[in-house]
Amino acid sequence: MKVEIWSDVMCPFCYIGKRRFEEALEQFDHKDQVEIEWKSFQLNPDMKTDPNINISQYLADAKGWTLDYAQQMNNHVTQMAAEVGLTYDFDKAVVANSFKAHRFSHLAKKHNLGDKAEETLFKAYFTEGLNIDDNDTLIQLGTNIGLNAEEIKQVLESDTYADNVKYDIAEAQQLGIRGVPFFVMNNKYGVSGAQAVPVFQETIEKSFAEWQLENSKPALTVIEGESCSPNGDCN
């Protein structure tokens, strides 16, 4: 059964949602039959990368908040992240456009490393304070998960996978997805946001049961009669 996850690297609830979904999936008896595919989404496609701006100040300026309120919001999210074992450090977070990181993710997906790429990018942004719009940083992150440095470099210095990112975003719009994370299970059920683990568990079980039923049905209803098989038996 396929689970598609739309997310953005700079979305704090996407990383939290990833952990909660993983916890639910870990408790699922048929987790080895679940395929996960990450999809691109940009919360702020017009964001200009600027390592010199503090993320709290950026949010305050962008949303018309006071700096104190922006810091309070980040502190609240940091506490939520800690509850699922994640360490957020917004004081180190680099204001960066995520489009290049999404292209990097599509390269990783090509090599069946999509989930590892997402984990690495989330950690780089929220914990390590790395610039996810920087080529050298992405090359290092990629080689850490098993990608070829030269291939990463070629992708980042071109527009390779740009159309893939745009296609994911257009698909999200068609589905009516307005925020991330957004989980689509078996192309039937959508879960919006970093829901509680039991919500993910219930939806995974329901989706899988339906998927299993759909795939257990024979393609044809056969009426048996006299026939011959390839081994020469005729009856």
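Predicted model: local features only at pLDDT ≥ 70, side-chain atom pairs only at ≥ 80, totals over all residues.
Colleague: Why is Asn 97 called buried?

Modeller: Its relative accessible area is 12%, and buried means under 20%, so Asn 97 falls in that class.

Colleague: Where is Asn 97 found, and what does Asn 97 touch?

Modeller: Asn 97 sits in the loop between β4 (94-95) and α4 (99-110). Setting aside residues up to four places away in sequence, Asn 97 touches Gln 42, Asn 44, Pro 45, Asp 46, Met 47, Thr 49 and Asp 133.

Colleague: What makes the pair of Asn 97 and Met 47 a polar contact?

Modeller: A polar atom of the Asn 97 side chain lies 2.9 Å from the backbone oxygen of Met 47. The cut-off is 3.5 Å for a pair of N or O atoms, and the 2.9 Å distance is within that cut-off.

Colleague: How do you know that the span of helix α8 agrees with its number of residues?

Modeller: Helix α8 covers residues 162-175, which is 14 residues. The expected span is 1.5 Å times one less than the number of residues, which gives 20 Å for α8. The end C-alpha atoms are 20 Å apart, so the two values agree.

Colleague: Which residues of α8 are buried, and what covers them?

Modeller: Ala 162, Val 165, Asp 168, Glu 171 and Ala 172 are buried in α8. Their cover includes β1 (2-7), β2 (35-40) and α4. Just after α8, Gly 176 has a positive phi of about 80°.

Colleague: Why is α4 described as largely enclosed by the rest of the structure?

Modeller: Of its 12 residues, 9 are buried, and that is why α4 is described in this way. The buried ones are Lys 100, Ala 101, His 102, Arg 103, Phe 104, Ser 105, His 106, Leu 107 and Ala 108. Among the elements covering them are β1, β2, α5 (114-126), α6 (135-144), α7 (149-156) and α8.

Colleague: What is the reach of α4 from its first C-alpha to its last?

Modeller: α4 reaches 17 Å, close to the 16 Å expected at 1.5 Å a residue. Just after α4, Asn 112 takes a positive phi of about 60°.

Colleague: What makes Arg 19 and Glu 22 a salt bridge?

Modeller: Their side chains meet at 3.0 Å, N to O. The limit is 4 Å between a side-chain nitrogen of Lys or Arg and a carboxyl oxygen of Asp or Glu, so the pair qualifies. Arg 19 and Glu 22 are 3 residues apart in helix α1 (residues 12-26), which means they are separated by about one helical turn.

Colleague: What about Lys 109 and Glu 37?

Modeller: Their side chains meet in a salt bridge at 3.3 Å, N to O. This pair links distant parts of the chain, with Lys 109 in helix α4 and Glu 37 in strand β2, 72 residues apart. Lys 109 counts as partly exposed at 26%, whereas Glu 37 counts as buried at 15%.

Colleague: Are Lys 153 and Glu 157 buried or exposed, or in between?

Modeller: Lys 153 is partly exposed, at 35% relative accessibility. Glu 157 has 53%, and exposed means over 50%, so Glu 157 is exposed. The side chains of Lys 153 and Glu 157 meet in a salt bridge (3.1 Å, N to O). Elsewhere, salt bridges that share partners join Lys 2, Glu 4, Glu 37, Lys 39, Lys 109, Asp 168 and Glu 171 into one network.

Colleague: How many salt bridges and how many disulfides does a search of the whole structure find?

Modeller: The search finds 15 salt bridges and 0 disulfides.

Colleague: Which residues touch the most other members of the largest nonpolar core?

Modeller: Phe 21 and Tyr 88 do, in a core of 63 residues. Apart from neighbours within four places in sequence, Tyr 88 is in contact with Pro 12, Tyr 15, Ile 16, Val 77, Thr 78, Ala 81 and Phe 126.

Technical notes:
Residues numbered from 1 in each chain as written. Heavy atoms only, no water. Helix = DSSP H or I, 4+ residues; strand = E, 2+ residues; numbered from the N terminus. Buried < 20%, exposed > 50% of the residue type's maximum accessible area, 1.4 Å probe, protein only. Polar contact = N/O pair within 3.5 Å; in protein donor to acceptor, adjacent residues only side chain to side chain. Contact = heavy atoms within 4.5 Å. Disulfide = S-S within 2.5 Å. Core = buried A, V, L, I, M, F, W, Y, C linked by side-chain atoms within 4.5 Å.
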